[in-house]
Amino acid sequence: AVVSTQSTGKLKQREGKTVVVVGTVTDDVRLFDMPQVKVCALRVTEGARSKIVKAGGSVITFEQLAVEAPLGQNTVILQGRRTRREANRHFGAPGLPNSRVKPFVRCRSRNHEMARGRRKSRAYKA
């Protein structure tokens, strides 16, 4: 799960809390004023790390978090968008009118997308 610095510093209520991300925290150029937050993540990009440290915050690992807050006191868990997986692009029925679904084919050409659902002689025509 990739989470940008935009969502880590979005709420002012998170100022005294530790933001926990099981994934990567990336930099977001749209964010100008970053509040002072403590971020715990598996991975933090260099741009995001510099922005967090410049605002007076800190970046810690999960081992350091286990020592500081063994029961998860004053922590906020963030997650990235679940629908950003590549598999979600294939959900639905490709070939139907007004459908933006990505078909499971080797390449997009005339020969590879002319099977079931595209011709009447191959079971049905959508």
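Salt bridges

Author: Aspartate 28 and arginine 30 form a salt bridge, with their closest N and O atoms 2.9 Å apart. The term salt bridge here stands for a side-chain nitrogen of Lys or Arg within 4 Å of a carboxyl oxygen of Asp or Glu. This is a predicted model, in which local features need pLDDT of at least 70, side-chain atom pairs count only at pLDDT 80 or more, and totals for chains, interfaces and linings use all residues. Residues are numbered from 1 along each chain as its sequence is written, and side-chain values use heavy atoms, with hydrogens and water left out.

Aspartate 28 is buried, at a relative accessible area of 7%, while arginine 30 is exposed, at 61%. Buried means under 20% relative accessible area, exposed over 50%, and partly exposed in between (1.4 Å probe, protein chains only).

Searching the whole structure gives 4 salt bridges. Another of them joins lysine 51 to aspartate 27, at 3.2 Å from N to O. Lysine 51 belongs to helix α2 (residues 46-54) and aspartate 27 to the loop between β2 (18-26) and β3 (38-44), so this pair ties together parts 24 residues apart in sequence. Helices (H or I, at least four residues) and strands (E, at least two) are DSSP runs, numbered from the N terminus. Aspartate 27 is partly exposed, with a relative accessible area of 34%.

Glutamate 86 and lysine 102 also meet in a salt bridge, at 2.9 Å from N to O. Both lie in the segment after β5 (75-78), 16 residues apart. Glutamate 86 is partly exposed, at a relative accessible area of 42%, and lysine 102 is partly exposed, at 40%.
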